[in-house]
Amino acid sequence: MDKMDKIVILTGAGISAESGLGTFRDKGGIWTRYAVEDVATPEGYARNPALVHEFYNARRVQAAAAAPNAAHHALAELERAHAAQVVLVTQNVDDLHHRAGSRKVLQMHGALRGALCHLCGHRWPAPPEMTPETPCPACARPAARPDVVWFGEYPHYLDEIAAHLAEATVFAAIGTSGQVYPAAAYVEEARSAGAETVEMSLEPTAVSHLFDRCLTGPATRTVPSWVAALLA
Ligand code: APR
């Protein structure tokens, strides 16, 4: 790899599974216990904000109690040690990449630790528990919502991510089922940029056939060995 190399990594819920945080579409996943339209859409929030706050309060508390695992730490080590530029794009709203020491992290679906006022757009650090009555510190109205991206809303950093993918020499997708767009199409953008593509997942995914290599198994095993090979 020469110095112009760029490693773009996309992570999903599977990288946090071994930290004890649930995934969405695996057996017993979050979407088998909650209806997406009730807790992860603007319409659901408008209909029943208390249920939405309950859902994200529980996930915020779980994420705070979880610890980064060997896969998160390996990616932070890759960013520190590799000469190439390492860009970490995550669909996850937990902060385990940050707590493992990763610095260049683009949280395209927002963050549990953020609060957003749906009336004035003010953002502030979310308290552990929010309710529909939680006032916005800026406009004082009871309009707090989790600062996460719901279905039907625009993910963050789309232009920046596209620019990174256009320059990628390596693209890795870790712990994501490849069923939610635009992230599921990133492997195709990376391929058309000539990048070498690798997928790490517990089971084959909807997009495994688009990758040059698929490393099947738990992320705490596949990611450290992939990083060790890159740093060798
Ligand atoms: N190690 C590696 N991969 C794992 C592990 C593990 N220990 N456990 C599960 N996986 C894999 C599964 O095989 C699956 O491919 O992680 C993936 C989890 O897929 P999803 O549950 O669909 O999660 P994700 O792809 O991140 O969902 C994308 O959907 O609901 C929205 O906004 C939400 O960001 C989320 C998006």
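Predicted model: local features only at pLDDT ≥ 70, side-chain atom pairs only at ≥ 80, totals over all residues.

The buried residues of helix H6 pack against several elements.

Which residues of H6 are buried? They are Ala71, His72, Ala74, Leu75, Ala76, Leu78 and Glu79. H6 itself covers residues 70-81, twelve in total. From first C-alpha to last, H6 reaches 16 Å, close to the 16 Å expected. Look at the start of H6 as well. There, a side-chain oxygen of Asn69 comes to within 2.8 Å of the backbone nitrogen of Ala71.

Now the charged pairs. How many salt bridges are there? The count is nine. I'll show three of them.

Asp38 and Arg47 pair at 3.2 Å, N to O. Asp38 is partly exposed, at 29% relative accessible area. Arg47 is exposed, at 53%.

Next, Arg191 bridges to Asp212, with the closest N and O atoms 4.0 Å apart. Arg191 sits in helix H9 and Asp212 in the loop between strands S8 and S9, so this pair ties together parts 21 residues apart in sequence. Arg191 is partly exposed at 41%, and Asp212 is partly exposed at 47%.

Last, Arg213 meets Glu196 at 3.4 Å, N to O. Arg213 belongs to strand S9 and Glu196 to strand S8, so the bridge links parts 17 residues apart in sequence. Arg213 is partly exposed, at 38%. Glu196 is partly exposed, with a value of 38%.

Terms used: Residues numbered from 1 in each chain as written. Heavy atoms only, no water. Helix = DSSP H or I, 4+ residues; strand = E, 2+ residues; numbered from the N terminus. Expected span 1.5 Å × (residues − 1). Buried < 20%, exposed > 50% of the residue type's maximum accessible area, 1.4 Å probe, protein only. Contact = heavy atoms within 4.5 Å. Polar contact = N/O pair within 3.5 Å; in protein donor to acceptor, adjacent residues only side chain to side chain. Salt bridge = Lys/Arg side-chain N within 4 Å of Asp/Glu carboxyl O.
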